[in-house]
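Look at the fold as a whole before reading on.

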Amino acid sequence: MPENEEIIEVLSCHANGYIRSLACSHPLRKQVLCTMFDFLGLKGKGLDLGCGIGLPAMEAFGKGVEVVGLDRETEFIEIARRIVRTFSSSTGLPPPPEFVQGDVTCLEFENNLFDWALSLDCINYAKDLVGEPLAEMKRVVKPGGRIILAAWSSQALLPGYPILEARLNATPQGAAPFESGMAPQHHFMFTAGALKDLGLKNIRCKTFLQDIYHPLDPRILRAVADLFCMRWGKSLPGLSPGDQALYKALTDPESDRFILASPAYYGFFTYTMFTGVVP
Ligand SMILES: C[S@@+](CC[C@H](N)C(=O)[O-])C[C@H]1O[C@@H](n2cnc3c(N)ncnc32)[C@H](O)[C@@H]1O
């Protein structure tokens, strides 16, 4: 196993659930993120805002670009730096990504420094991050450079149970980070409007899809099982007792109805991306 996979494996058992999920979901998200990066044809030097433990930035680096990752969590930045040491030793691609602690609402970078700025499952995914971070992204990207916002946008993970899945998606946890009462234009799917309001040009929207089907590699199986909890939680107060029991039976690896064990299993999820060019 390459060194970088080994460290991801170790982090997939981390005591901090957030770190564990970021690491554990990586094998599942890696392909769709790489497809997105290939589509974007990233070049030059970019900034990844809300980079987490840096795994997507590391994939972008693998495409031959220079990346700076920024996150407010010091622990995440320390882990990202630790991972980058294993990545750079195994790939030898210069120069390796840099990771810095900071806040997306107030970037400590000079104007027009980057060729692109990306935010994955961070900016515009939470309602308090809509305004200032977008203006900051525009400030630090050169004229002609791109701003890219991408986020998890949908899933179909319970084949054969569309009504249960629709109910799960309608719970507050399933609809998060969109909250009941929020203005529709604050939903992530309205990001194109926010980019237009910012004065960006050539606004583009695109959705990328990742298929998941039997037989599942054990790391993918673990990631999807983790995803059930991450997306919908272990128990959902908004669900009837019957739906709760069915959900548990379908998503519990110990259950004989565990849906991922079916040889007929097929599911998918999507990432939606919005881009605009700084005039
Ligand atoms: C869902 S995680 C996504 C991490 C990473 N982009 C990925 O896709 O693996 C969201 C990240 O945004 C970071 N974040 C949230 N608010 C932030 C802020 N105001 N400034 C910097 N980072 C922030 C969190 O610490 C977390 O690492």
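**Around the ligand**

Of the 18 residues around the ligand, those that come nearest are Arg29, Gly50, Asp71, Val104 and Leu120. A residue counts as near if one of its heavy atoms lies within 4 Å of the molecule. This is a predicted model, where local features need pLDDT of at least 70, side-chain atom pairs count only at pLDDT 80 or more, and totals for chains, interfaces and linings use all residues. Residues are numbered from 1 along each chain as its sequence is written, and side-chain values use heavy atoms, with hydrogens and water left out.

The shell around the ligand has 9 nonpolar, 3 polar and 6 charged residues. Here Ala, Val, Leu, Ile, Met, Phe, Trp, Tyr, Cys and Pro are nonpolar, Asp, Glu, Lys and Arg are charged, and the others, Gly among them, are polar.

Now look at the polar contacts (pairs of N or O atoms within 3.5 Å). The side chain of aspartate 71 has an N or O atom 2.6 Å from an oxygen atom of the ligand. At leucine 120, a polar backbone atom is 2.8 Å from a nitrogen atom of the ligand. At arginine 72, a backbone N or O atom lies 3.2 Å from a nitrogen atom of the ligand. On its own the ligand has 600 Å² of accessible area, and the protein covers 89% of that. Such areas come from the Shrake-Rupley method with a 1.4 Å probe.

**The second largest pocket**

Next comes a pocket (on a 1 Å grid over the protein atoms alone, an open set of points where a 1.4 Å probe fits, with protein on both sides within 12 Å along at least five of seven lines). The second largest pocket has a volume of about 360 Å³, counted as the space filled by probe spheres set on the points. Its lining has 19 residues, and Pro27, Leu28, Lys30, Gln31 and Ile220 lie nearest its centre. Lining residues have an atom within 4 Å of a point. The elements that give two or more residues to this lining are α1 (3-11), α3 (26-40), β6 (201-213) and α10 (218-232). Helices (H or I, at least four residues) and strands (E, at least two) are DSSP runs, numbered from the N terminus. Helix α3 gives the most, with 5 residues. By class, the lining has 9 nonpolar, 4 polar and 6 charged residues.

The structure holds 11 salt bridges, each a side-chain nitrogen of Lys or Arg within 4 Å of a carboxyl oxygen of Asp or Glu. One joins glutamate 59 and lysine 30, at 3.6 Å from N to O. Glutamate 59 is in helix α4 (residues 55-62) and lysine 30 in helix α3, so the pair ties together parts 29 residues apart in sequence.

Finally, turn to the loops. The peptide bond from alanine 176 to proline 177 is cis, with omega near 10°. Proline 177 sits in the loop between α8 (172-175) and α9 (191-197). The bond from histidine 214 to proline 215 is cis, with omega near -5°, and proline 215 is in the loop between β6 and α10. Asparagine 112, in the loop between β3 (98-101) and β4 (114-120), has phi near 55°, a positive value in a residue other than glycine.

Conventions
Polar contact = N/O pair within 3.5 Å; in protein donor to acceptor, adjacent residues only side chain to side chain.
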